[in-house]
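Dear colleague,

Please find below the structure that I am handing over to you. My notes on what was found in it follow directly after.

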Amino acid sequence: MIELVGYIRVFSQHGRLVTAEQIAAVAGLDWDNKQTVAGYIQLILNEAYADVQMRLSDKRHFFYSDKSIVERYAEQWLALERGDAFEAIIAQIRRNSCRHTEVYQESVLTFAPYLYDGPQLANVREQLPQQLGAEDIHYAVDKQGKGYYYSTQGLSHSYAAVLANYDPCEWSN
């Protein structure tokens with residue numbers, strides 16, 4: 001497993017989680033799936049490799065370095081890999097809303113791990129309200145014409161509008 005660490009770290013720097021099989025193929029090594037978990041346990045016992053994280057998703061083990069990828073990003077990436085994009089987006093909107101300090105800007109979906117373009121953003125706007133259990137998720141547009149999402153589990157409609165239109169440079173009397 002040690003021979004795969006360099007590859008895990010490089011892929012992580014580029015925002016990607018990888019399986020041991022994928023890395024072994026890139027490295028030109030033979031890999032037996034049965035050795036993945038035991039190899040990982042032996043690996044992380046060495047402090048020099050403590051940054052390597054493993055997550056199970058759809059019966060596959062994915063690896064990343066927490067020097068480059070935070071756990072929440074990894075969970076979003078895995079949800080996308082499983083085809084559960086709406087699950088990941090809904091969870092992220094709720095997390096942001098429950099902080100009571102910001103709304104979830106639609107433009108966030110144009111960055112990794114999503115990389116959505118205009119038609120994909122429109123699809124999210126259309127499909128997200130139809131997702132089972134997403135009744136608390138709302139979409140609105142701020143005064144600058146930028147779209148944002150929020151959850152009524154954490155923000156009221158009016159407070160979300162205030163947060164979306166907040167200008168830190170604005171002076172009040």
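Gln92 belongs to helix H5, which spans residues 85-98. Please bear in mind that the model is a predicted one. The relative accessible area of Gln92 is 15%, so this residue counts as buried, the cut-off being under 20%. Apart from neighbours within four places in sequence, Gln92 makes contact with Gln76, Tyr104 and Tyr114.

As to charged pairs, the structure contains nine salt bridges. One of them joins Arg55 to Glu71, with 3.4 Å between the closest N and O atoms. Since Arg55 is part of strand E2 (residues 52-57) and Glu71 part of helix H4 (residues 71-82), this pair ties together parts that lie 16 residues apart in sequence. Glu71 is partly exposed, at 47% relative accessibility. Arg55 and Glu71 also belong to a salt-bridge network that includes Glu75.

Two further salt bridges deserve mention. Asp84 pairs with Arg82 at an N to O distance of 3.2 Å; Asp84 is partly exposed at 27% relative accessibility, and Arg82 is partly exposed at 28%. Glu102 pairs with Arg99 at 3.3 Å, N to O. Here Glu102 has a relative accessible area of 34% and is partly exposed, while Arg99, at 40%, is likewise partly exposed.

Finally, there is a hairpin. Strands E5 (residues 137-141) and E6 (residues 147-151) pair in the antiparallel sense through five bridges, and His138 has Tyr150 in E6 as its bridge partner. Five residues separate the two strands of this hairpin, where Gly145 adopts a positive phi near 85°.

With kind regards

Technical notes: Residues numbered from 1 in each chain as written. Predicted model: local features only at pLDDT ≥ 70, side-chain atom pairs only at ≥ 80, totals over all residues. Heavy atoms only, no water. Pairing = 2+ DSSP bridges. Helix = DSSP H or I, 4+ residues; strand = E, 2+ residues; numbered from the N terminus. Buried < 20%, exposed > 50% of the residue type's maximum accessible area, 1.4 Å probe, protein only. Contact = heavy atoms within 4.5 Å. Salt bridge = Lys/Arg side-chain N within 4 Å of Asp/Glu carboxyl O.
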